[in-house]
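Hi,

Here is the structure we talked about, with the sequence alongside.

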Amino acid sequence: MDEKQRLEALSDGVIAIIITIMVLNIGLPKINDIGEMEYFFGSIFIFFVSFIIVGSFWDQHRRLFKMIQNINNKLVWINLLFLFFLALIPLFTKWITEEPNATAPVVGYGTVYLFVSITYDFMLFSVVDINKHTKGNNYQRIYFVYNTIVTTIIMLLVTFLAFFRPLYSVILFIIFPLPSVMINLWLDGKRSAKE
């Protein structure tokens with residue numbers, strides 16, 4: 001197993017554990033209590049939001065590792081930092097589940113989401129730098145810079161909104177990764193049509 005495969009296997013394992021921990025944090029309701037059932041379904045919704053976010057980052061990570069030709073120590077440590085922030089998502093998911101209408105958990109969630117996004121962007125730049133002699137590099141740089149700026153601004157705005165409307169922020173957290181998923185599906189379709 002080479003260095004790239006080892007780093008990818010570690011990342012996949014950590015992400016799988018993150019998703020498992022999130023679902024295990026959902027408490028079972030008492031059967032005859034309507035309030036408990038509402039809380040239970042609310043917890044499932046919060047888990048779904050977090051699942052979509054973590055799944056979206058896993059998909060982006062998978063795509064990024066297709067571009068990687070060489071691994072350096074800088075990339076290893078940025079990837080570990082990315083996994084550190086991603087591993088905090090279950091903690092904030094649980095906090096939101098316990099206090100769904102409170103501001104602090106949603107602001108904390110947004111802040112962690114922002115740090116996950118920023119460390120992922122550092123990985124992108126590191127990969128582009130490692131592959132700087134690869135054909136199409138200028139396009140990659142422009143796309144990554146644009147993606148970084150837009151992601152950071154949107155996450156700051158959504159986190160700021162949590163101070164006033166926490167539930168709206170939670171809903172926007174789930175909507176935010178969808179354009180990226182749709183674009184990637186469209187690009188995969190175009191690639192498949194060419195092959």
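Helix α1 (residues 3-24) and helix α3 (residues 73-87) pack with their axes 10 Å apart and at an angle of about 5 degrees. Axes here are lines fitted to C-alpha atoms, for helices over the stretch in contact, and angles run from 0 to 180 degrees between N-to-C directions. That makes α1 and α3 roughly parallel to each other (angles under 35 degrees count as roughly parallel, over 145 as roughly antiparallel, 65 to 115 as roughly perpendicular and the rest as oblique). On the α1 side the contact is made by L7, L10, S11, V14, I15 and I18, and on the α3 side by V76, N79, L80, L83, L86 and A87; contact means heavy atoms within 4.5 Å. By class, this contact of α1 with α3 has ten nonpolar residues, two polar ones and no charged ones. For those classes, Ala, Val, Leu, Ile, Met, Phe, Trp, Tyr, Cys and Pro count as nonpolar, Asp, Glu, Lys and Arg as charged, and the others, Gly among them, as polar.

Before going on, please note that this is a predicted model: local features need pLDDT of at least 70, side-chain atom pairs count only at pLDDT 80 or more, and totals for chains, interfaces and linings use all residues. Residues are numbered from 1 along each chain as its sequence is written, and side-chain values use heavy atoms, with hydrogens and water left out.

L83 is buried, at a relative accessible area of 5% (buried is under 20%, exposed over 50%, partly exposed in between, with a 1.4 Å probe and protein chains only). Leaving aside neighbours within four places in sequence, L83 is in contact with L10, S11, V14 and I15. L83 and I15 are 68 residues apart in sequence, yet 7.7 Å apart in space, C-alpha to C-alpha.

Now the whole chain. The protein chain has eight helices and zero strands; helices (H or I, at least four residues) and strands (E, at least two) are DSSP runs, numbered from the N terminus. Of its 195 residues, 38% count as buried. Among contacts between residues at least 6 apart in sequence, 74% join residues at least 24 apart.

Which residues touch the most other members of the largest nonpolar core? They are L86, I89, Y109 and F173, out of 41 residues in that core. A nonpolar core is a set of buried Ala, Val, Leu, Ile, Met, Phe, Trp, Tyr and Cys residues joined through side-chain atoms within 4.5 Å. The elements giving two or more residues to this core are α1, α2 (34-67), α3, α4, α5 (103-130), α6 (137-161) and α7 (166-175). α5 gives the most, with eleven residues. As for I89, not counting residues up to four places away in sequence, I89 touches M22, S50, I53, V54, Y109, V112 and V116.

Last, the aromatics. Rings of Phe, Tyr and Trp (its six-membered ring) pair if their centres lie within 6.5 Å; planes under 30 degrees apart count as stacked, over 60 as edge-to-face and the rest as tilted. By this rule the count comes to eleven aromatic pairs. The F40 and F41 rings have centres 5.4 Å apart and planes at 65 degrees, so that pair is edge-to-face. F40 is buried, with a relative accessible area of 16%. F92 and W95 are three residues apart in helix α4 (residues 89-98), separated by about one helical turn. F92 is buried at 14% relative accessible area, whereas W95 counts as partly exposed at 32%. Ring pairs also link F57, F82, Y113 and Y120 into a cluster.

Cheers
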